[in-house]
Protein chains: 2
Amino acid sequence: MDFAATLQQYVARVESGLDRHLPAANTRPARLHEAMRYSLQAGGKRLRPVLILAVSDLVSNAQSKIENLSAAALAKADPKSKIADALPAAVAIECLHTYSLIHDDLPCMDNDDLRRGRPTAHRQFDEATALLAGDALLTHAFGLLAVAYADQPALAHALIRELADAAGSRRLIGGQMADLLAEKQANATNEELEFIHLNKTAAMLEAALVMGGLIGRANEDDLNSLRLAGRHLGLAFQIIDDVLDATVDTTTLGKTAGKDAKADKTTFVKLHGLEKSRALASEHSNRALLAFRQLPGDTGFLAALISSMASRAR
Amino acid sequence: MDFAATLQQYVARVESGLDRHLPAANTRPARLHEAMRYSLQAGGKRLRPVLILAVSDLVSNAQSKIENLSAAALAKADPKSKIADALPAAVAIECLHTYSLIHDDLPCMDNDDLRRGRPTAHRQFDEATALLAGDALLTHAFGLLAVAYADQPALAHALIRELADAAGSRRLIGGQMADLLAEKQANATNEELEFIHLNKTAAMLEAALVMGGLIGRANEDDLNSLRLAGRHLGLAFQIIDDVLDATVDTTTLGKTAGKDAKADKTTFVKLHGLEKSRALASEHSNRALLAFRQLPGDTGFLAALISSMASRAR
């Protein structure tokens, strides 16, 4: 497997999916739809949608090689259906992720001017348009899942349930809120920091992996392995983010660097120092790898993806 | 039928449902869940959830009296299921409506201090908390539908699709965006005003009626009548709102009155004058009534509900 080429193919599929599964930019009111597309098309690693595509491929290929499909509850509920296309789900999760970034960048939140090297939505348009574009991308994520998987209502339902749970007040939004509250405290504890990152960062990675599994008809054991992998991937990812914020300049990062230290924000780096943080990131990456290895089939692409992420913080 | 007593029963059911189907106020992070409950429990007419309950009762009672259920596609998809409880759907639509009010009140939008006679969410808490509480209520609306109707995935799917469509960038959010853009123009046309209100106001009333119909297993004809009724109800409702803003004081209204004239905003009253606006509201109310009369069963409650709404503007 050529990792870089495979990754590029997945990213290209995501980009074309974003164009296909969003309302056209000239849909009335045009300013709203332009803002939705502006933020979605700002690039980025496309990590979450790539995970959906890769896991769906992995699991469905492995399933097709074994006869025993009895564990796949969804196959029973939609018995005549083929394995569904994972692309709409990949687009849905990128819409959801992008909404969270738009709202997170707003003046009342992080008040950030730069995102992925370009002006943030409220700088490019205005605050109200950015607010509504975020709301619209969040809503579109659910609407797209409902429409694209309409011929497999049980699958559509399972995907929507997973996404709503991961994005809800106990997880993604709860993590954002806890993050804001922690900024006002002099010192957040390691437990508080883990709560924030398990929800603010890991929840959506878990959701991406599990949604890929649901589409590929993973059995319960595999779904649990995917969820565990997402948890460790999320923590690894967040620690790496903290390390990068402390060590890399704004141009390289594509967003304002050094923010955490400037705000005296509690991060893994502040709590544990750079060296220990790098070791922690490495430990969580390894645990994610171990969880992936429980899955059937060739997990080489997922392993290489984790390695390439982990190497950024070195 | 005693209209006031029936209405009171429906509203009481909604209030108890709001308490039951929201995460507890002490759910971590507590500040977020307190803000969600603060905004939801501010009272209000509960029009949308009452419509879901009333239509679901109407349609399911009528269906149980006739033998021919063949048109009910959902009954085929979930053949063994009973008529589902409409209350979770009623709570979901109130969550969605409340999110739209919280975001609409934010400083970058209408910048309103009062809502239903109490401080708006961002005045009671702060802007970031209000933003996130709105996001969380929007997400919860979809999550609640997915969880509460999990044993009838086809119904869950249909409800989510209807709600996502009504709340999306072409309808509710599109109407909000068009409204903001119209405020910056010297003169919006009647066509633009109708676009705004069909989407900002009528979309969610349509969704409430159709969702009630889906739960009660209305056939296609009845769903179309419900959609038509929602359209006219929405226009009537919005024109009445414009009339009230121009004629009633802040205390009576429970929100800042006279805002439209102060902002020189284009409203039905500005375009057509008070008298013509009242006549228009009456015309749309009557058309909604006619559409309701196409439905089987006793539509007396729905008719009385429209009359009581329409009488506010006299």
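## Notebook: a predicted two-chain model

I began with S282(B), whose place is in helix α14 (residues 268-293) of chain B, where helices (H or I, at least four residues) and strands (E, at least two) are DSSP runs numbered from the N terminus. S282(B) counts as partly exposed because it has 16 C-beta neighbours inside 10 Å; a residue is buried with 20 or more other C-beta atoms within 10 Å of its own, exposed with 12 or fewer, and partly exposed in between, the C-beta atoms being placed from the backbone. I also looked up its separation from I160(B): S282(B) and I160(B) are 122 residues apart in sequence and 32 Å apart in space, C-alpha to C-alpha.

**Conventions and confidence.** I note that this is a predicted model, in which local features need pLDDT of at least 70 and side-chain atom pairs count only at pLDDT 80 or more, while totals for chains, interfaces and linings use all residues. Residues are numbered from 1 along each chain as its sequence is written, and chains are lettered from A and ligands numbered from 1 in the order in which they are written. Chain A averages a pLDDT (the predictor's confidence in each residue, from 0 to 100) of 90, and 91% of the residues score at least 70. Over residues 67-71 of chain A, pLDDT stays under 50, and the model has four contacts beyond four places in sequence for them; two residues are in contact if their C-beta atoms, placed from the backbone, lie within 7 Å. Where pLDDT is low, the predicted coordinates should not be read in detail. For the complex, the predictor gives an ipTM of 0.92 and a pTM of 0.93.

The same surface serves both copies, since 100% of the contact residues of chain B recur in chain A. The contact takes 45 residues from chain B and 45 residues from chain A. On the side of chain B that touches chain A, the elements giving two or more residues are α2 (30-40), α7 (127-148), α8 (153-167) and α9 (172-184) of chain B, and α7(B) gives the most, with 13 residues.

Leaving aside neighbours within four places in sequence, the contacts of L163(A) include I93(A), L145(A) and M211(A). In α15(B), I list F301(B), L302(B), L305(B), I306(B) and A310(B) as buried.

**Backbone details.** The peptide bond from R28(A) to P29(A) is cis, with omega near -5°, and P29(A) lies in the loop between α1 (3-20) and α2 (30-40) of chain A. N111(A) has a phi near 50°, a positive value in a residue other than glycine, and is exposed, with 12 other C-beta atoms within 10 Å. R46(B), also not a glycine, has a positive phi of about 60°, yet counts as buried with 22 C-beta neighbours inside 10 Å.
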